[in-house]
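Dear colleague,

Please find below the structure that I am handing over to you. My notes on it follow directly after.

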Amino acid sequence: MKAKLFVCLAALSLIGFCAEFSLRAAEPAKLAENPILWADVPDVAILRVGQTYYMSSTTMHMSPGLPIMKSNDLVNWELVGYAYEALADNDAMTLKNGRTAYGAGSWASSLRYHDGTFYVSTFSATTGKTHVYTTKDIERGPWKEFSFSPALHDHSLFFDDDGRVYMIHGAGTIRLTELTADASAIKAGGIDKVIIKNASLAAGTRAGLPAEGSQLCKHDGKYYLFNITWPRNDMRTQIVHRADKISGPYEGRVALRDQGVAQGGLIDTPEGKWYAMLFQDHGAVGRTPCLVPVKWVEGWPVLGLDGKVPTKLDIPAGKGGLSNMVASDEFDRHPGDPAFPLAWQWNHNPDNQYWSLTQRSGWLRLTTGRVDADLSRARNTLTQRTFGPQCSGTAALDVSNMKEGDFAGLGIFQKRYGFVAVKMIGGTRSIVAVKAEGDVPREMESVPLNQKVVFLKVDCDFRNRVDQAQSYYSLDGKQWTKIGIPLKMVYTLPHFMGYRFALFNFATKTSGGFVDFDYFRISDGVGER
């Protein structure tokens, strides 16, 4: 009887499992949505090698720089490294003698693979040069650098089928400049000519932002040059020119005019599908990558679905999210570990003698090495991206060893920044909320602090372009109290970058004080919890 009962129960269980499996199998796979990355990953350049896609992006004033990402499906991306540790060692990149690299540093990159070598190039008004980085292993390096003058604006590096190498560059007027075979220098006596006199005309006569952001590809024997322009009283617009020869003549047209999604290039899949990887201005969070389907019609790439950027894509979502482009950090390190997860970048070049992960095991120590007026001038500020639709960053720090005039804490950083921090004034510590919505930072609220360890938190809300950040503090890491009023985050051109979480310690009176950060943790939840 027990055997028959067991068989019956097993059969019922199997039927139930099969029914559940059938229901799950019938559920449609969740599709990826635009933006594919809800964070600041602007001026993307994209490449496919075999089954793997690689992408590079603008760095501006951050160090290390020129991030390299990889994906197997165009929507789930992983940060694998950077092409350089420091763009240059000059006053602007080291925040010395009143100089900064905000809004400058390195701009739009170009990414190529040729004869077993990866090339990623960029240009910089800060150095006045064009920089070319090469490696045999894009995921592990090492990278070798070449540089030459002048800085070729928004260039596209291109290896042609006949072995010649070029950069297409410029704003409004687009030039073709020939390089040496290894792309390390401008070729003496090589081609250097204007190939399009006024590329913006492809979008009409209402001149605004001159056409820039060149990205060139070759398809079915023709050359296709993509640029971005911005006609007056209109939106960012993607244009394309085509020619039978790389030197022209070129004919142009609008490729996409929808929601300001523009600037980028084409990519094909191993299965023969085509997409454009572009970006969209997304308020204070920054410029977010969008993937746009492409069809070829009468020799022209046609972007979007009926001219529109789709919200949903024809690609499964997978895990989604930002992978390791954002990361919590307990600051625990083992022998052989990298100094920091790839999500972290310093604001300008760090002064390595004033930070440590070993002086107190399991903690990040930031020591002040000089006196600075405010956060925007401070060195050794460690940052990583904020992200949408909502995000939260939390830090714990020991403030036992601060000196008079020191400020240390957690910021939400752009030109119009805000932070929650501990300040040491008159020999006493207090928790302060500060906003820099104008030229001079203002203290919004202050609370006395009578203990050595404090917990700080900043919540960001990017839903529907609300773009607000609220600061909190806690004395036990569990119960949180708001401090100060919300910061209205605004994307500004002087910094040209989406808001970033920032860990900092700067001195306003005397250097040498230090604080220890126990951890930094991120989440996509917000509130007093």
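I begin with a group of charged residues: a network of salt bridges links Arg-360, Arg-365, Asp-398 and Asp-516. A salt bridge here is a side-chain nitrogen of Lys or Arg within 4 Å of a carboxyl oxygen of Asp or Glu.

Some remarks on the source are in order. This is a predicted model, in which local features need pLDDT of at least 70 and side-chain atom pairs count only at pLDDT 80 or more, while totals for chains, interfaces and linings use all residues. Residues are numbered from 1 along each chain as its sequence is written, and side-chain values use heavy atoms, with hydrogens and water left out.

On confidence, pLDDT is the predictor's confidence in each residue, from 0 to 100. The chain averages a pLDDT of 93, and 94% of the residues score at least 70. Over residues 1–26, however, pLDDT stays under 50, and the model has 1 contact beyond four places in sequence for them; contact means heavy atoms within 4.5 Å. Where pLDDT is low, the predicted coordinates should not be read in detail.

Further salt bridges

The structure holds 29 salt bridges. One of them joins the side chains of Asp-234 and Arg-206, at 3.0 Å from N to O. Asp-234 lies in the loop between β16 and β17 (237–243) and Arg-206 in the loop between β14 (192–196) and β15 (209–219), so this pair ties together parts that are 28 residues apart in sequence. Strands are DSSP runs (E, at least two residues), numbered from the N terminus. Asp-234 is partly exposed, with a relative accessible area of 24%, and Arg-206 is partly exposed at 41%. For these terms, buried means under 20% relative accessible area, exposed over 50%, and partly exposed in between (1.4 Å probe, protein chains only).

The side chains of Asp-314 and Lys-273 also meet in a salt bridge, at 3.3 Å from N to O. Asp-314 belongs to strand β23 (residues 312–316) and Lys-273 to the loop between β19 (262–268) and β20 (274–281), so the pair ties together parts 41 residues apart in sequence. Asp-314 is partly exposed at 44%, and Lys-273 is partly exposed at 42%. A salt bridge of 4.0 Å, N to O, is found between Arg-442 and Glu-437. Arg-442 is partly exposed, with a relative accessible area of 47%, and Glu-437 is partly exposed with 33%.

Aromatic residues

There are 22 aromatic pairs in the structure. Rings of Phe, Tyr and Trp (its six-membered ring) pair if their centres lie within 6.5 Å; planes under 30 degrees apart count as stacked, over 60 as edge-to-face and the rest as tilted. The ring centres of Tyr-224 and Trp-296 are 5.0 Å apart and their planes stand at 70°, so this pair is edge-to-face. The pair links distant parts of the chain, 72 residues apart, with Tyr-224 in strand β16 (residues 222–230) and Trp-296 in strand β21 (residues 287–297). Tyr-224 is buried, with a relative accessible area of 2%, whereas Trp-296 is partly exposed at 23%.

One aromatic cluster is formed by Tyr-102, Phe-407, Phe-413, Tyr-417, Phe-419, Phe-504 and Phe-506.

Strand β36

Strand β36 (residues 500–507) has 8 of its 8 residues buried, so it is largely enclosed by the rest of the structure. Arg-500, Ala-502, Phe-504 and Phe-506 point one way from β36, while Phe-501, Leu-503, Asn-505 and Ala-507 point the other way. Two strands pair if DSSP finds at least two bridges between them. Strand β27 (residues 382–385) runs antiparallel to β36 and is joined to it by 4 bridges, with Gln-384 having Phe-501 as its bridge partner. Strand β29 (residues 406–413) pairs with β36 in the antiparallel sense over 8 bridges, and here Ala-408 stands opposite Asn-505.

The surroundings of Val-44

Val-44 is located in the loop between β1 (31–33) and β2 (45–49), and it counts as buried at 1% relative accessibility. Leaving aside residues up to four places away in sequence, Val-44 touches Met-55, Ser-56, Gln-215, Gly-264, Met-277, Leu-278 and Pro-289.

With kind regards
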